[in-house]
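Thank you all for coming, and please have the display open while I talk. I would like to go through ring pairs and sulfur links, slowly and one at a time.

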Amino acid sequence: MSIVTIYLMQLEHIKSEEITVVDGDTLRINKERIRLWGIDAPELHQMCLQLDRDWPCGKEAREALVKIIRDNQVQCTTLHKDRYGRTVARCETATLDLGSEMVRHGWALDYDRYSHGKYASEQSEAKRKKRGIWSSQFEYPWEWRRKKHH
């Protein structure tokens, strides 16, 4: 396993453009795409339905991840490459697992197919408390992607 450390604080030797939050479950560090392990967030252009109106839940998920990592040092541990060549990693701050936080706040789902239920309790809590996308009607991101690609 390799370790990638990201510094999000304003340090002279690290340029802010070295990290980009692509969407609710993907970061770009330098030119490397890092997919957060064990979660699946709404796609960037995915819409959810709340009070009979569409709202950009995919963009909201990305903003939630930005807020979680803002001003924190993040460390990612690479687990493997996915079938698209992206690095799959567990990323955390000194006190938070990014995947756990995204699921706990309702902005991502426990991707049981890969996580084997690692974030199931966080998802149950988010669903029960109607946090994030659980306050709306939504398609599971994997179903939304499948429909968009066919």
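How many aromatic pairs does a search of the whole structure find? The search finds seven of them, where rings of Phe, Tyr and Trp (its six-membered ring) pair if their centres lie within 6.5 Å, and where planes under 30 degrees apart count as stacked, over 60 as edge-to-face and the rest as tilted. One of these pairs is formed by Trp 55 and Trp 107, whose ring centres are 6.0 Å apart and whose planes stand at 75°, so the pair is edge-to-face. Trp 55 lies in strand E7 (residues 53–55), while Trp 107 lies in the loop between helix H2 (98–104) and strand E10 (109–110), so the pair ties together parts that are 52 residues apart in sequence.

Before I go on, a word on the source: this is a predicted model, in which local features need pLDDT of at least 70 and side-chain atom pairs count only at pLDDT 80 or more, while totals for chains, interfaces and linings use all residues. Residues are numbered from 1 along each chain as its sequence is written, and side-chain values use heavy atoms, with hydrogens and water left out.

The names of helices and strands come from DSSP runs, numbered from the N terminus, with helices (H or I) of at least four residues and strands (E) of at least two. The chain has five helices and ten strands.

Are the two tryptophans buried or exposed? Buried means under 20% relative accessible area, exposed over 50%, and partly exposed in between, with a 1.4 Å probe and protein chains only. Trp 55 counts as buried because its relative accessibility is 12%, and Trp 107 counts as buried because its relative accessibility is 16%.

A further aromatic pair, that of Tyr 111 and Trp 142, is stacked, with 5.2 Å from centre to centre and 10° between the planes. This pair links distant parts of the chain, since Tyr 111 sits in the loop between E10 and helix H3 (112–115) and Trp 142 sits in helix H5 (residues 141–148), 31 residues apart. Tyr 111 is at 10% relative accessibility and therefore counts as buried, whereas Trp 142, with a relative accessible area of 27%, is partly exposed. Both residues also belong to a cluster in which ring pairs link Tyr 111, Tyr 114, Trp 134, Phe 138, Tyr 140 and Trp 142.

Now to the sulfur links. The search of the whole structure finds two disulfides, a disulfide being a pair of cysteine sulfur atoms within 2.5 Å. In one, Cys 48 and Cys 57 have their sulfur atoms 2.1 Å apart, the link is right-handed with 75° about the S-S bond, and both cysteines are buried. In the other, Cys 76 is joined to Cys 91, with 2.1 Å from S to S, and this link is right-handed with 115° about the S-S bond. It links distant parts of the chain, with Cys 76 in strand E8 (residues 73–81) and Cys 91 in strand E9 (residues 87–92), 15 residues apart. Cys 76 counts as buried at 0% relative accessibility, and Cys 91 is buried with a relative accessible area of 2%. With bonded cysteines counted along the chain, the disulfides follow the pattern 1-2, 3-4.

Finally, the chain as a whole: of its 150 residues, 45% count as buried.
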